Amino acid sequence: MSTAPSRRPDLLAAGAATVTVVLWASAFVSIRSAGEAYSPGALALGRLLSGVLTLGVICAVRWEGLPPRSAWRGIAISGLLWFGFYMVVLNWGEQQVDAGTAALVVNVGPILIALLGARLLGDALPPRLLAGMAVSFAGAVTVGLSMSGEGGSSLFGVVLCLLAAVAYAGGVVAQKPALGHASALQVTTFGCLVGAVLCLPFLGQLVHEAADAPVTATLNMVYLGVFPTALAFTTWAYALARTTAGRMGATTYAVPALVVLMSWLALGEVPGLLTLAGGALCLAGVAVSRSRRRPAVPGHAKAPEPRREDAEDRR
């Protein structure tokens with residue numbers, strides 16, 4: 001019997017998670033460009049408004065209605081924590097610390113997701129997940145240390161990045177139950193809308209800075225809204241609905257490795273051997289955390305020993 005139909009949902013979820021991590025990795029390159037012309041709050045608002053507009057058009061084409069009432073609590077919490085607070089605080093934190101320190105601190109997030117998921121959602125913590133996360137975190141630490149500059153960090157910046165990690169973890173854990181009542185597109189669209197409303201106080205800054213910003217910075221901000229936000233957060237929600245929060249969080253450990261590769265290709269930043277080794281550890285940890293123990297195949301079960309009487313009858 002073919003197992004293709006039964007494997008198709010798993011393959012689609014894996015594909016959606018891959019799209020997410022690739023686009024989120026590309027966001028670091030765009031944030032670096034747009035952040036030179038836009039302040040943290042203005043950049044977050046511009047990104048979210050671009051995302052809301054894109055998602056709104058998709059919802060209109062697909063005739064997606066409002067999410068059911070049972071999903072709104074999770075949507076509101078994830079919108080406030082992840083789409084709103086996280087984006088502003090992370091942009092702010094990355095202006096206070098070097099990229100390596102920011103990546104190191106923010107990568108505490110997947111560990112918090114696994115712990116909160118086990119505590120609040122009843123998710124299991126299998127040994128392979130824990131082992132994979134330990135390997136990936138070691139890789140993230142290696143990448144962070146190799147990319148850290150001298151004098152580029154402050155205690156305030158580290159605190160901001162840590163707050164971003166906590167907000168990221170809380171947003172993911174709040175989003176998971178909402179996906180049991182609403183579609184991935186609905187949860188993403190209205191979560192993004194909640195985040196945009198939270199960032200509206202930065203509208204004046206956005207208008208003022210957009211008038212003086214170079215076209216490339218504004219295009220990078222729009223890119224952040226359309227692809228790493230509208231598309232990547234939707235594919236994330238699609239995959240999250242089909243697995244545990246801990247396993248999805250562990251998947252994001254592939255982001256540092258992809259950031260190293262994209263910075264190499266797009267910005268000409270040649271990574272050192274320590275950075276490459278850390279990226280390899282990140283990917284190896286993700287592979288371990290996503291692996292599953294293979295169940296025993298019924299057809300390969302050991303045949304029972306023949307009874308002594310049957311053996312004697314065959315003589």
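The questions and answers below walk through the helices of this predicted model and a few of its residues. Residues are numbered from 1 along each chain as its sequence is written. Local features need pLDDT of at least 70, side-chain atom pairs count only at pLDDT 80 or more, totals for chains, interfaces and linings use all residues, and side-chain values use heavy atoms, with hydrogens and water left out.

Student: How many helices and strands does the secondary structure of the protein come to?
Tutor: Helices (H or I, at least four residues) and strands (E, at least two) are DSSP runs, numbered from the N terminus. From that end on, the elements run α-α-α-α-α-α-α-α-α-α-α-α-α-α. The totals are 14 helices and zero strands.

Student: Of the 315 residues of the protein, what percentage count as buried?
Tutor: Buried means under 20% relative accessible area, exposed over 50%, and partly exposed in between (1.4 Å probe, protein chains only). Of the 315 residues, the buried share is 45%.

Student: What share of the contacts with a separation of 6 or more comes from residues 24 or more positions apart?
Tutor: Contact means heavy atoms within 4.5 Å. Take the contacts in the protein with a separation of 6 or more. Residues 24 or more positions apart account for 92%.

Student: At what angle do the axes of α2 and α3 cross?
Tutor: Axes are lines fitted to C-alpha atoms, for helices over the stretch in contact, and angles run from 0 to 180 degrees between N-to-C directions. Helix α2 covers residues 40-62 and helix α3 residues 72-96. Their axes come within 8 Å and cross at roughly 140°.

Student: Which word describes α2 relative to α3: parallel, perpendicular or oblique?
Tutor: Angles under 35 degrees count as roughly parallel, over 145 as roughly antiparallel, 65 to 115 as roughly perpendicular and the rest as oblique. The α2 and α3 axes cross at roughly 140°. That makes α2, relative to α3, oblique.

Student: Is the crossing of α2 and α3 left-handed or right-handed?
Tutor: A crossing is left-handed if the near helix is turned anticlockwise from the far one by less than a right angle, and right-handed if clockwise. The crossing of α2 and α3 is right-handed.

Student: How many residues in the contact of α2 with α3 are charged?
Tutor: Pro 40, Gly 41, Leu 43, Ala 44, Arg 47 and Leu 48 in α2 meet Phe 83, Met 87, Val 88, Asn 91, Trp 92 and Gln 95 in α3. Ala, Val, Leu, Ile, Met, Phe, Trp, Tyr, Cys and Pro count as nonpolar, Asp, Glu, Lys and Arg as charged, and the others, Gly among them, as polar. Eight are nonpolar and three polar; the charged count is one.

Student: Which residues of α8 make the contact with α10?
Tutor: Helix α8 and helix α10 (residues 215-240) pack at an angle of about 135°, with their axes 8 Å apart. On the α10 side are Thr 229, Ala 230, Phe 233, Thr 234, Ala 237 and Tyr 238. On the α8 side are Ala 184, Leu 185, Thr 188 and Cys 192.

Student: Which backbone oxygen does the side chain of Thr 188 reach?
Tutor: Thr 188 is found in helix α8 (residues 184-198). Thr 188 is buried, with a relative accessible area of 1%. At 3.3 Å, its side chain reaches the backbone oxygen of Phe 233.

Student: Which side chain does a polar contact join to that of Thr 229?
Tutor: Thr 229 is found in helix α10. At 0% relative accessibility, Thr 229 counts as buried. A polar contact is a pair of N or O atoms within 3.5 Å; within protein, one must be able to donate a hydrogen and the other to accept it, and residues adjacent in sequence count only if both atoms are side-chain atoms. At 2.6 Å, the partner is Arg 47.

Student: What is the phi of Trp 63?
Tutor: Trp 63 sits in the loop between α2 and α3. At 78% relative accessibility, Trp 63 counts as exposed. Most residues other than glycine have a negative phi. Phi of Trp 63 is positive, near 55°.

Student: What distance separates the C-alpha atoms of Ala 277 and Val 143?
Tutor: Ala 277 lies in helix α13 (residues 273-290). At 38% relative accessibility, Ala 277 counts as partly exposed. Ala 277 and Val 143 are 134 residues apart along the chain, and their C-alpha atoms are separated by 7.9 Å.
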